[in-house]
Amino acid sequence: MKKQIITITGAAGNIAYSLIFRILAGNIFDQDTKIQLNLLDISAALPILMGVKLEIEDCAFRQLDSVIITDKPEEAFADSDFILLVGAKPRSKGMQRADLLLDNANIFSAQGNIINENAKKTTKIIVVGNPANTNALIIEKNTKNIPTENISSLMRLDQNRAKSILSIKTNCRVEQISQLIVWGNHSATQYPDINNALINNNNEKILSLSDQWILDEFIPRVQNRGAEIIEHRGKSSAASAASAIHDHVYALVNGSSDWESMGIMSSNSYDIDDQIFFSYPLNIVNDEIKIIDAVNLSESSITYIKNTEKELISERDIIKDLL
Ligand code: NAD
Ligand code: LMR
C-alpha cells in the first residue's frame, strides 16, 4: 500500500473545513494511495478538531488511511510528505493582507524551526496563511534542512480567478483558456498578465479585448477579488482557497498541463530581486518546477511587475529580524 502523509495547519479553521474534504474526495493521487492526515491547530481548537475528525470518518472516504489531530507541531510535521501551512489570522474588512504580517510572522518562524527538526527533507511545503509570499520567505529561512525548491506559496487562487473572469467576459469555458498567469505578490499589486493568454490555442479573442476592459476592469478585479469576497461574505474566501490549494498540490504531484502560477524563491529571473517569493509563470515536469523563460513583457507589464516586486521587498524589510 502506498501512503502519503499530509499535514494541514489551521485545521479547525474555515479553509481547512473545505480543504480536507476536497483532498480526500479528490484525484491528486492514484486510487491505490492512502492518505494520512495530520491536523494541527492551537489547543483551544482541539474540541473543534475532534468534530472535524468525526465528520471525516463519517464520509467513509476510500482513500483515507488515518487522521491525527494534535496541538503539537512536532507531531503534526513528523514524516509528512506535504505540509499545507494554512493556520494564521485572516484579514477582515478594510485591511490589506500585509497588515497581517507582524501578527502572523511569528507563527511561521516558530513552525519553520519545528519543521526543520522534524519533517522529512523531501517534504513539500505550501504556504497559504497571509501574507503568503513573505511568510514563505520566513519558512524558507527557518528550514535549512529542506531544499528551497520544495517551498512554494499559493497563487493559484489568483490564477483561477483571472481565468474565470476572462471566461465570463469572452463567453468561453475555463478549460479553453491557457497561458494566463499572475506575477508577483498575492496582494493588490499582483499582475494578472493576459498578454500571452490563448483561447483554444489562439490569441485572436484576447487581442480583440479593449485596453479599457483589461486595465480598468480585469486587472483591478483580480487584484482586489479577495477584498470583494470579504465585502460580501464578511469573511475571507475559504472554499475557493481550498479548491486552489487542491489544484496547486495536484500540479506538484502530477505536473502542469498549462502555465502555472506559484510563488517561488526568486533568483534574479526576469531581473527580479533575489530572496523574495515571487509568482512566475511555471512548468512542472517530473517533480521539478521550472520558470518559463522569455515570456514577452511590454513596458506596461514591466511597470506592474516592478511595482509588485517593490512591495515584496518592503514586506521583507519589515520582518528582516526573522530571516
Ligand atoms: P480561520 O481563522 O478560519 O482559521 C485559521 C485557523 O488557524 C484557526 O483555527 C486558528 O486557531 C489556527 N491557528 C492559528 N494559529 C495557529 C498556529 N500557530 N498553529 C496552528 N493553527 C493555528 O482562517 P482561514 O479563513 O482558514 O484562513 C487562514 C489563512 O489563510 C489566513 O491568513 C488567510 O488570510 C489566508 N488565506 C490565504 C489565501 C491565499 O490565496 N494565499 C486565500 C485565502 C485565505
Ligand atoms: C484571498 O485572496 O481571498 C485571501 O488572500 C484572503 C484575503 O485576505 O483576501
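Modeller: Let's start with names: helices are DSSP runs of H or I with at least four residues, strands are E runs of at least two, and both are numbered from the N terminus. Keep in mind that this is a predicted model.

Biologist: Thanks! With those names in hand, in which loop is Asn 268 found?

Modeller: Asn 268 sits in the loop between β11 (260-265) and β12 (277-285). Its phi deserves a look, being positive at about 70° although Asn 268 is not a glycine.

Biologist: And the backbone around Pro 131: is the peptide bond from Asn 130 to Pro 131 cis or trans?

Modeller: That bond is cis, and its omega is near -5°. To find Pro 131, go to the loop between β5 (124-127) and α5 (132-141).

Biologist: Now helix pairs. How should I read the packing of α1 and α2?

Modeller: Begin with the axes, then the angle. For helix α1 (residues 14-25) and helix α2 (residues 46-58), the axes come within 11 Å and cross at roughly 25°. Angles under 35 degrees count as roughly parallel, so α1 and α2 are roughly parallel to each other. Their crossing is right-handed. On the α1 side, Tyr 17, Ile 20, Phe 21 and Leu 24 make the contact, and they meet Val 52, Glu 55 and Ile 56 of α2. Sorted by class, this contact of α1 with α2 has six nonpolar residues, no polar ones and one charged.

Biologist: Let me try another pair. At what angle do α4 and α5 pack?

Modeller: Helix α4 (residues 101-118) packs on α5 at about 30°, and the axes are 8 Å apart. Here too the handedness can be read: α4 passes α5 in a right-handed crossing. Residues making the contact include Phe 108, Gly 112 and Ile 115 of α4, along with Ile 138 and Ile 139 of α5.

Biologist: Last topic, pockets. What is the volume of the largest pocket, and which residues lie nearest its centre?

Modeller: The general idea is that a probe the size of a water molecule, rolled over the atoms, shows where empty space is left. In this model, the largest pocket has a volume of about 540 Å³. Its lining has 30 residues, with Ile 15, Ala 88, Pro 90, Ser 236 and Ser 237 nearest the centre.

Biologist: Which helices supply at least two residues each to that lining?

Modeller: Those are α1, α6 (156-170) and α9 (225-233). The largest share, three residues, comes from α1. As for class, the pocket lining has twelve nonpolar, twelve polar and six charged residues.

Conventions:
Residues are numbered from 1 along each chain as its sequence is written. Chains are lettered from A and ligands numbered from 1 in the order in which they are written. This is a predicted model: local features need pLDDT of at least 70, side-chain atom pairs count only at pLDDT 80 or more; totals for chains, interfaces and linings use all residues. Side-chain values use heavy atoms; hydrogens and water are left out. Axes are lines fitted to C-alpha atoms, for helices over the stretch in contact, and angles run from 0 to 180 degrees between N-to-C directions. Angles under 35 degrees count as roughly parallel, over 145 as roughly antiparallel, 65 to 115 as roughly perpendicular and the rest as oblique. A crossing is left-handed if the near helix is turned anticlockwise from the far one by less than a right angle, and right-handed if clockwise. Contact means heavy atoms within 4.5 Å. Ala, Val, Leu, Ile, Met, Phe, Trp, Tyr, Cys and Pro count as nonpolar, Asp, Glu, Lys and Arg as charged, and the others, Gly among them, as polar. On a 1 Å grid over the protein atoms alone, a cavity is a set of points where a 1.4 Å probe fits but cannot get out, and a pocket is an open set with protein on both sides within 12 Å along at least five of seven lines; lining residues have an atom within 4 Å of a point. Grid points are joined across faces, edges and corners, and a volume is the space filled by probe spheres set on the points.
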